[in-house]
Amino acid sequence: MKIAVLTFESIDRRSSKEDSRIVQAARELGHKARIFRADKCQLVYDRHNPRVFYDGSVFPDYDVIIPRVGLLRNIELQAALVKQLQLMGFPVVNTFHAISRAKNKLRTMQILDHFDIPIPKTIVVRDLKYINAEILKQVNAFPVILKTPFGSYGSGVVIAESKRAVMSALSFLWKQSGVNIILLQEYMKESKGKDVRVFVVGNKVVATMIRSAKKGEFRSNIELGGKGEKTVLSKREIDVAIKSVKVLKLEIGGVDIIRSKKGPLVLEVNANPGFKSLEEVTGVDVAKAIVEYAVEKAKLVKLTKEEA
Ligand SMILES: Nc1ncnc2c1ncn2[C@@H]1O[C@H](COP(=O)(O)OP(=O)(O)O)[C@@H](O)[C@H]1O
Ligand SMILES: [Mg+2]
């Protein structure tokens, strides 16, 4: 098989190392693989014949593409490139539709809640005037969590201890994110700065770790100094993680779960989860699992085309 890894962030060193890990894993499994850079792709619209050019000529014939969508703000533009590759007929893991849903925390919460997947109580606010005692009571303030819809690496997640803090954090986040929407979320005290990262590929949990925030921090993100350790998931946690990935129509997903008194609560599902520290902590070859899944998908698509 010929496997293309489409990278979106040449500047993000962690991400580019992981891209190379996927290529390496693919070659070890006997496949051809290489990295393609999103910034070298041009979208061509030409009478119902959508194409992607790479470095001046039509994107070469690959059996499957693994887009490693980055954390930049222009997620819709990134998703548009993924979509165009799909329109050209390439099998893609994850698909553009799943990526654009998962990258938006508001959409994610909406879909998870719709499918009865437990999430922390969340209220979407669009104007400061609606921050009143009633709303705050509903999310068990204080403290309360504020989230921008498109944050990552913990960057758009804030904790506020008072109404005054909520108001100033809100106007700051709105300016920063350029979107007048914020998620006001119940703070799960019992998490004590810990959450579980579950890496799902297809219908299976591939690896998992419990992450603990560094001292004085409530966010467990590794990028913010959080530390990962091995953990064993309960049956319920496995079910919740797999279902979360499935309802978002993702094929590869990193599910963040808080172990609350009420049971597992899903915070978000990452469409292009990092796996470097997960591999270090668990010893699992996550890159290999990704490649194996992509190859299976490519085979299936080939078979369907041959039958048609
Ligand atoms: N409602 C919450 N209660 C307690 N901790 C939270 C809550 N929401 C987020 N956190 C902490 O903040 C981290 C980042 O939040 P998350 O929603 O995963 O955003 P990001 O996309 O930036 O990782 C989580 O991993 C968790 O440690
Ligand atoms: Mg997260």
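**Note on the predicted protein chain and its magnesium site**

1. The protein chain of this predicted model contains 9 helices and 15 strands. Helices (H or I, at least four residues) and strands (E, at least two) are DSSP runs, numbered from the N terminus. The radius of gyration is 20 Å, close to the 19 Å that the globule rule gives for 308 residues, so the chain is as compact as a globular protein of that length. Here the radius of gyration is taken over C-alpha atoms, and the globule rule is 2.2 Å times the number of residues to the power 0.38. The C-alpha trace spans about 60 × 45 × 35 Å along its principal axes.

2. On conventions: residues are numbered from 1 along each chain as its sequence is written, while chains are lettered from A and ligands numbered from 1 in the order in which they are written. In this predicted model, local features need pLDDT of at least 70, side-chain atom pairs count only at pLDDT 80 or more, and totals for chains, interfaces and linings use all residues, whereas side-chain values use heavy atoms, with hydrogens and water left out.

3. Of the 308 residues in the protein chain, 53% are buried. Buried means under 20% relative accessible area, exposed over 50%, and partly exposed in between (1.4 Å probe, protein chains only). The chain exposes about 15200 Å², and carbon and sulfur atoms supply 53% of that area. Accessible areas come from the Shrake-Rupley method with a 1.4 Å probe; for residues, only the protein chains shown count as cover.

4. Among contacts with a separation of 6 or more, 66% are between residues 24 or more positions apart. Contact means heavy atoms within 4.5 Å.

5. The side chains include 52 positive and 34 negative ones, and the centres of the two sets lie 3 Å apart. Lys and Arg count as positive and Asp and Glu as negative; His and the chain ends are not counted. The place of a charge is taken as NZ of Lys, CZ of Arg, CG of Asp or CD of Glu.

6. Which residues coordinate the magnesium ion (ligand 2)? They are Asp 256 (OD) and Glu 268 (OE), at 1.9 to 2.1 Å. The pair links distant parts of the chain, with Asp 256 in strand E14 (residues 252-260) and Glu 268 in strand E15 (residues 263-270), 12 residues apart. Donors are N, O and S atoms within 2.8 Å of the metal (3.2 Å for Na, K and Ca); water is not among the atoms, so sites may look incomplete. Asp 256 counts as buried at 3% relative accessibility, and Glu 268 is also buried, with a relative accessible area of 14%.

7. Pro 273 lies in the loop between E15 and helix H8 (276-282). With a relative accessible area of 3%, Pro 273 is buried. Leaving aside neighbours within four places in sequence, the residues in contact with Pro 273 include Glu 18, Arg 68, Arg 197 and Phe 199. Although Pro 273 and Phe 199 are 74 residues apart along the chain, their C-alpha atoms are separated by 7.7 Å.

8. One joins Val 93 and Asn 94, with omega about -5°; Asn 94 lies in the loop between helix H2 (75-87) and H3. Another joins Ala 141 and Phe 142, with omega about 0°, and Phe 142 is found in the loop between helix H5 (133-138) and strand E8 (144-147).

9. Positive phi values also deserve a look. Tyr 153 has a positive phi of about 55° although it is not a glycine; Tyr 153 is placed in the loop between E8 and strand E9 (157-160) and counts as partly exposed at 27% relative accessibility. Lys 249, in the loop between helix H7 (235-247) and E14, has a positive phi near 65°.

10. Ile 181 lies in the loop between helix H6 (163-177) and strand E10 (182-186) and is buried, with a relative accessible area of 11%. Beyond neighbours within four places in sequence, Ile 181 is in contact with residues including Leu 106, Val 124 and Trp 174.

11. Glu 292 belongs to helix H9 (residues 286-307) and counts as partly exposed at 40% relative accessibility. How many residues separate Glu 292 and Ala 25 in sequence? The two are 267 residues apart in sequence and 9.2 Å apart in space, C-alpha to C-alpha.
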